[in-house]
Amino acid sequence: MAENDKKIVFSGVQPSGNLTLGNYLGAIKNFSRFSEDYKTFYCVVDLHAITVRQVPAELRKRTYETLALYMACGLDPEKNTLFVQSHVPQHAELGWILDCYTMFGELSRMTQFKDKSAKNAQNINAGLFTYPALMAADILLYQTDIVPVGIDQKQHLELARDVAARFNLIYSDTFKIPEGYIPTDTMKIMSLQEPTAKMSKSDPNENAVIRILDSKDDVMRKFKRAVTDSETSVRYSEDKPGVSNLMTIYRAFTGKTFEEIEREFDGKGYGDFKLAVGEACADGLKDVRDEFARLMQDKAYLEAVMKKGAEEAYGYARRTMSKVRRKIGFVN
Ligand code: TRP
């Protein structure tokens, strides 16, 4: 397909580090499937990150790490535009403009805002409140068709669609209305310690969470300690959330079906099963870990990727911005 006919995919990732197996299987691994048939933009959203207080050196380091991690997970910078949000000034520019077309009431209903302001009661800043308008700007700047995100971002995506439609209604067609691509819940990875809750980046219990960069020893130890149930049979069932979660993980790394997995462990106990899941997961993540380590040694290369990405993104963003400025009535 000619480059210009390709549909556009955009997604953003916070430079928050410590990504989990859930982030990997539920989101990042899906990103690279778009590389061939779509024009893809993956952005490290540092402007969003400062809605909560950051240590400057940490933020800088995590920005590199997030880029490296995405590349290590299979995003080739030749086939995807990988860039840092603050390197393309149109994000902030359109973010402000969209603030003026986003309603106080709409933003007040955002569950992420309510959660985050409960957690950061001492720093409920205006940026935290208008976060979704900036996210809408990210998406709409590129005339995006498809936005792959986790289910937790669905409400923000709906808002982006509403704001785009509102702007289009006032000024005539300006923005493409984006569609979400939200992976089905089969890829929802649950906590290893409390398998009815989602595996969460910020779980205080480290045994509950597999991190993409965990060592093999860590991975094996955490799976050994994973909560199962009082039976012994490896069987996928709603009333066996622990075992079912391990089966989901095993399936993701081996490509085996649930029936095949049940047969493989027929007559064997949970001990063998947990070891096998640990091995499959640790091996599956090994390449990611090695490649990440290699990339982090080469800052100059990462910087070259960011620079090229920002230049590509800038070209697209500028086109949309000049349209927006004209429609609103700004003098050129
Ligand atoms: N809010 C998203 C998250 O926390 C990150 C994000 C920012 C994003 N801008 C985006 C995701 C644009 C998709 C599209 O995960």
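How far does a polar side-chain atom of Gln153 lie from a nitrogen atom of the ligand, and what is the distance in Å? The distance is 2.9 Å, between a polar side-chain atom of Gln153 and a nitrogen atom of the ligand.

## Basis of the model

This is a predicted model, in which local features need pLDDT of at least 70 and side-chain atom pairs count only at pLDDT 80 or more, while totals for chains, interfaces and linings use all residues. Residues are numbered from 1 along each chain as its sequence is written, and side-chain values use heavy atoms, with hydrogens and water left out.

## The ligand and its shell

The ligand is surrounded by 13 residues (a residue is near a molecule if one of its heavy atoms lies within 4 Å of it), and the closest are Gly12, Tyr131, Met135, Asp138 and Gln153. By class, the shell holds 7 nonpolar, 5 polar and 1 charged residues, where Ala, Val, Leu, Ile, Met, Phe, Trp, Tyr, Cys and Pro count as nonpolar, Asp, Glu, Lys and Arg as charged, and the others, Gly among them, as polar. Strand S1 (7–13) and helix H7 (126–141) each supply at least two residues of this shell, and the largest share, 4 residues, comes from H7. Helices (H or I, at least four residues) and strands (E, at least two) are DSSP runs, numbered from the N terminus.

## From Asp138 to His91

The side chain of Asp138 also takes part in a polar contact (a pair of N or O atoms within 3.5 Å; within protein, one must be able to donate a hydrogen and the other to accept it, and residues adjacent in sequence count only if both atoms are side-chain atoms), which joins it to the side chain of His91 at 2.8 Å. His91 lies in helix H4 (residues 90–99) and is buried, with a relative accessible area of 0%; buried means under 20% relative accessible area, exposed over 50%, and partly exposed in between (1.4 Å probe, protein chains only).

## Strands

S1, which contributes to the ligand shell, is mostly covered, with 5 of its 7 residues buried. S1 pairs with strand S2 (residues 38–44) in the parallel sense over 7 bridges, where pairing requires that DSSP finds at least two bridges between the strands; Ile8 has Lys39 in S2 as its bridge partner.

S2 also pairs with S3 in the parallel sense, over 4 bridges, and Phe41 stands opposite Thr81 in S3. In a regular strand the side chains alternate between the two faces of the sheet.

Helix H3 (residues 56–72) has 17 residues and reaches 24 Å from its first C-alpha to its last, close to the 24 Å expected at 1.5 Å a residue, the expected span being 1.5 Å times one less than the number of residues. H3 is followed by Gly74, whose phi is positive, near 115 degrees.

The 18 residues of helix H8 (residues 154–171) should span 26 Å at 1.5 Å a residue, and this agrees with the 26 Å between its end C-alpha atoms. Among the buried residues of H8 are His156, Leu157 and Phe167.
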